[in-house]
Amino acid sequence: MRTQLTQDALEFARVVDIALRNAGGVDLARRAEQDGDIAEVERVLEQLGLWDLCAASDADDGEVAAAVCRAAGRVALPYPVAERLAADPDAGYDALAVASGPARVNLASLTPGLRWAVCDGAGHRAPVTTTGPALGTMLGPLVSEVELGEWGPGDVRAERLALVLPCWTLLGMMDTTMEATRRHLLDRHQFGQPLAAFQALQFRMADTATSYQAYEELAKYTLWSVLTDQPGAAVDVLSCRLAALETAEEVFRTGHQMHGAMGFCDEVDLSWLSRHGQAMRRLPWGRSQTRARLLEAMADTPFTGLYGDGLLNTAEAVLP
Amino acid sequence: MDFSDSEAAASLRQELRGLVREHVPGTFLGAFTSDPQDLALAQSFCRLLAEKHQLTPAWPVEYGGNAASPWEQAVVREEMWAHFEPRGAQYMGVNWVGPAIMRFGTDQQKEEHLGRIAGGEVIWCQGFSEPEAGSDLASLRTAAIEDGDGWRVEGQKVWTSYATMADWCFLLTRTNRDAPKHRGITVFLVPMDRAGIKVVPIKAMVGPHHLNEVFFEGVHVTGDDVLGEVDAGWNIVREALAFERVGIARYARCDRLLNMAPAALDDRWETLPVELKERWAAALVHVRQSRLLAYRVIQLVETGEVDPADTAAYRIAATQTDQEVAEVLMDMLEERATGASSRDQLFERAVDDHWRYAQAATVASGSIEVQRLLLSRALLKDR
Ligand SMILES: Cc1cc2nc3c(=O)[nH]c(=O)nc-3n(C[C@H](O)[C@H](O)[C@H](O)COP(=O)(O)OP(=O)(O)OC[C@H]3O[C@@H](n4cnc5c(N)ncnc54)[C@H](O)[C@@H]3O)c2cc1C
């Protein structure tokens with residue numbers, strides 16, 4: 001049992017963190033939303049050499065890729081890092097998103113030079129043939145409507161990465177939200193004390209931190225499951241997405257509540273993370289849809305646990 | 001990363017499952033029932049585990065252990081709790097009394113106690129809580145008053161699990177009333193048959209044997225009974241509770257019961273509302289998350305960096321998930337959630353027991369509020 005990412009992955013992520021912070025941090029998202037300018041982002045990412053990673057075929061690279069997505073999430077980076085790291089350029093596409101039905105894809109219009117494809121979570125892939133302009137809405141500023149070409153067979157590993165890597169991006173957004181909230185509770189005084197002195201807020205923070213930690217562990221487990229082709233991987237990615245959505249709801253809600261009015265201002269990073277996180281939380285499926293899909297998937301693939309795994313095969317799942 | 005059992009842990013798991021299959025009847029739903037056979041079975045199962053050094057696997061070999069890794073300890077906790085804890089009342093002795101004696105005991109105390117705990121021969125109880133000292137444990141009042149060659153203990157403990165069957169009590173007393181409340185506390189290791197101790201069971205929804213009152217009237221204790229230093233008991237308590245760390249592997253029984261549900265409900269499974277099945281699926285995910293939080297603590301134990309706040313997060317998650325699972329399972333039983341109509345409705349009985357015990361999960365061994373305090377204190381430290 002080794003429940004921590006490789007040192008390489010952690011080191012790489014630290015380098016990415018620093019580079020993104022030096023390039024402006026969340027200001028990169030502010031700029032992209034204003035005029036679609038991501039030249040600086042592209043330059044930094046190119047320098048970091050991310051696109052040499054091969055998450056689909058190398059487990060160590062897969063761990064690095066996840067850590068990098070998390071670092072990108074920490075600044076709500078306006079670039080499809082997870083989508084690119086999930087893709088396989090040799091198979092003819094540079095970025096892969098999960099989408100079904102009338103397809104909307106986050107961040108696609110920012111990167112007209114990339115060959116985009118979508119997968120449906122059920123083993124099929126289709127190329128994106130046209131990408132509309134960014135919606136520019138408050139909650140989907142960089143989301144585009146896309147048209148798809150013909151569906152064909154997809155690649156299982158890539159499809160699972162396309163589900164799990166955005167969960168790591170969302171984890172990064174939660175990292176920043178948790179830290180900003182912690183800081184705010186210490187810095188902001190009311191009734192002559194820091195907010196952190198109030199038990200009601202302490203308790204809520206403790207519960208939120210628990211969910212966040214529990215989700216972080218699940219994100220790691222799921223990544224391992226995908227990268228090592230565990231028998232339950234198909235179900236694991238949906239479980240991870242479900243937990244990601246539950247936890248994001250709690251983390252952002254707690255963050256907003258504890259920041260008071262200040263948290264809604266564009267001056268504060270939380271406001272950006274909260275809005276930009278929406279695309280990830282609603283696309284391709286929200287919480288109820290994800291839960292329904294999870295239950296459906298469990299009918300074919302047993303959920304791995306101590307007693308439901310079919311791996312150990314010695315568990316007694318029935319009482320006599 | 002690698003989330004699979006090591007070879008040693010996997011083979012231990014198989015071995016324990018084999019032992020359970022062979023020696024614990026499938027109808028066993030815990031040692032604490034009104035049927036004395038259940039307790040007797042647990043006692044003999046403990047001795048069997050002890051022969052294989054599996055009762056205290058992580059202890060050093062010289063004290064009857066196997067010097068196993070914390071991961072193997074976790075396997076024992078998981079397998080036992082999932083199979084309705086056939087170790088019965090060994091929890092206290094094995095998990096923290098023994099380690100506390102190893103750390104603070106005299107040679108004579110180690111000699112006297114460790115072998116017997118590792119051998120599954122004794123039951124210990126925890127004499128901490130008092131009517132006026134619950135979460136604020138350090139305000140305890142049971143007094144040890146100097147008297148001749150030792151002390152006279154006067155006072156009352158409450159909620160003392162297993163006291164009716166215990167051979168020994170790990171007793172917290174106040175030896176110095178003038179000192180600040182965290183000083184002036186002394187630990188005594190007291191045999192339960194010493195004159196002046198009276199146990200009164202408390203009838204409770206969690207079931208028999210879990211809750212008792214213990215009265216101390218002029219109980220004589222001596223320097224030989226003191227663990228560590230006089231007046232320095234609070235440190236021992238803090239450390240002893242830290243030995244507990246992960247405590248009960250509640251998630252393991254949740255996992256097993258949730259996985260049993262489809263087969264146990266049989267035809268009824270198909271007719272359950274989809275919404276309820278989705279709650280079941282989500283509960284499985286939450287159970288996995290609790291397990292991973294336990295593993296997170298174990299990983300930290302291995303590197304020696306664990307902090308009470310890490311354990312607190314695990315406990316907050318695991319105790320609430322225990323209750324979530326209880327609610328999901330009860331909903332699934334529909335009208336049978338009001339109780340089994342015959343002894344062979346085993347699943348119904350197991351869920352009934354689980355629900356009742358789960359109610360106490362967020363109170364026993366330090367309430368969830370106390371865990372929240374611990375966690376938020378660490379989280380909101382200005383750094
Ligand atoms: C099944 C079971 C077995 C037990 N076995 C043992 C045993 O073997 N030995 C033993 O010594 N004890 C045992 N206990 C007792 C247990 O340790 C106590 O119940 C626990 O410490 C809480 O104390 P209390 O019940 O007095 O509740 P109280 O301390 O009175 O608390 C009541 C409520 O108020 C909350 N509260 C208290 N203080 C604060 C605060 N500062 N801020 C916010 N909320 C607060 C609590 O969290 C709780 O929700 C057992 C309890 C149970 C349920």
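1. Ground rules. This is a predicted model: local features need pLDDT of at least 70, side-chain atom pairs count only at pLDDT 80 or more, and totals for chains, interfaces and linings use all residues. Residues are numbered from 1 along each chain as its sequence is written, chains are lettered from A and ligands numbered from 1 in the order in which they are written, and side-chain values use heavy atoms, with hydrogens and water left out.

2. Ligand site. The ligand lies between chains A and B. Around the ligand are 17 residues, each with a heavy atom within 4 Å of it. The closest are B:S129, B:S135, B:W159, B:S367 and B:E369. Domain 2 (125-239) and domain 3 (245-379) of chain B each give at least three residues to the shell.

3. Shell make-up. By class, the shell has eight nonpolar residues, eight polar and one charged. Here Ala, Val, Leu, Ile, Met, Phe, Trp, Tyr, Cys and Pro count as nonpolar; Asp, Glu, Lys and Arg count as charged; the others, Gly among them, are polar.

4. Polar atoms at the ligand. B:S367 places a polar side-chain atom 2.6 Å from an oxygen atom of the ligand. For B:S135 the distance from such an atom to a ligand oxygen is 2.7 Å. B:E369 also has a polar side-chain atom 2.7 Å from an oxygen atom of the ligand. The ligand taken alone exposes 960 Å², and the protein buries 68% of that. Accessible areas come from the Shrake-Rupley method with a 1.4 Å probe.

5. Domain 2 against domain 3. Five residues of domain 2 are in contact with seven of domain 3, contact being heavy atoms within 4.5 Å. The buried area is about 440 Å², with 65% from carbon and sulfur atoms. That area is the accessible area (1.4 Å probe) that the two parts lose on being put together, summed over both. B:S135, B:M205 and B:V206 supply 83% of what domain 2 buries against domain 3, more than any other three residues.

6. The domain 2 side has two nonpolar, three polar and no charged residues.

Technical notes
A polar contact is a pair of N or O atoms within 3.5 Å; within protein, one must be able to donate a hydrogen and the other to accept it, and residues adjacent in sequence count only if both atoms are side-chain atoms. Domain bounds come from an automatic or database domain assignment.
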